[in-house]
Amino acid sequence: MKKASVILSSALLLGILSGCGNNANNETAATNAPAGTNAAAETAVPAATDAPATDAASEYKDGTYYGTIEADPETGWQTYTLLTVEGGKITKADWNAFNVKNAGDLKKKFSEDGKYGMKEKGGAQAEWHEQAATAEAFLIEKQDPAAITFDAEGHTDAISGVSVHVNDFVASAQAALAAGPVEAGAYKDGGYHAEGEMDAESGWKSTVDLTVANGNVVAAKFSGVNAAGDDKQQFSVDGKYGMKEKGGSQAEWHEEIAKAQDYYLQNKGVAPAIDAEGKTDAISGVTVHVGEYFTLAEKALEGAK
């Protein structure tokens, strides 16, 4: 009996060790989004489990659930998942992402318009939004994100036809369920754009791009475009605008406008006090004209009501 007990204990220990999973990295598929100034830190994604799906639906309260993880520092895509629970069960799942570097369209729309390009650029059998829909259907069937097991690279063998990294879907869905039901914001989800008139003196036209998820503005980009089609933020990042060199400024244009973007998001669109020249003293370190950007942001959201 003693020998049999030792053998049984060893077998149990081996079983526990074999069930441990590794953390996985975020998907870094191709994107057309240019480099920006407000990328978030790298995501920490919980490890997958090999445990079978449980009847988690019995624990769900009816309502809408929203969960997100930190943005991928390379691509700027920040994954989120929206879940709808009715009668204690998940009846709808929306796996999506917004871009903190570029704002504008959500990842599904970006993929549907052919801008993500998994088939063309990566040789995939299906585009990202198509694979996302397959993963969403699997979650609705299983009723538990833990049913989507994945390897150390974030790939899964559990869902036929899905080759993209699913670890971020699992993590954001789990975050949504852990947070509980939430109220959606006032706006329609999607990307919104507004632009001003071309300034004859500077040669730049101000532009604003916003992204709405779960009814709230989650990403903003204040920039501009010139006759050559240059993006003003990137133009400044590349050292071509030259506020420090040409104007003696303490910071470059893209650095200052990034602070205005952050102010807009943190204050939920409420504009600071703006003087007659379009400047403000309310945002530390910002000396550039920002008034038009807050006006254009209001204009952009007219289409989201």
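Thr-156 has a relative accessibility of 7% and therefore counts as buried, a term that stands for under 20% relative accessible area, with exposed meaning over 50% and partly exposed in between, using a 1.4 Å probe and protein chains only. The model is predicted, so that local features need pLDDT of at least 70 and side-chain atom pairs count only at pLDDT 80 or more, whereas totals for chains, interfaces and linings use all residues. Residues are numbered from 1 along each chain as its sequence is written, and side-chain values use heavy atoms, with hydrogens and water left out.

Thr-156 sits in the loop between α4 (128-142) and α5 (167-179); helices here are DSSP runs of H or I with at least four residues, numbered from the N terminus.

Leaving aside neighbours within four places in sequence, Thr-156 is in contact (heavy atoms within 4.5 Å) with Ile-148, Thr-149, Phe-150, Val-162 and Val-166.

Elsewhere, helix α8 (residues 253-266) packs against helix α9 (residues 291-300) at an angle of about 45°, their axes, which are lines fitted to C-alpha atoms over the stretch in contact, being 11 Å apart. The two helices are therefore oblique to each other, the class left once angles under 35 degrees (roughly parallel), over 145 (roughly antiparallel) and 65 to 115 (roughly perpendicular) are set aside. Trp-253, Ile-257, Ala-260, Tyr-263 and Tyr-264 of α8 meet Tyr-293, Phe-294 and Ala-297 of α9.

Terms used
Axes fitted to C-alpha atoms, helices over the stretch in contact; angles between N-to-C directions.
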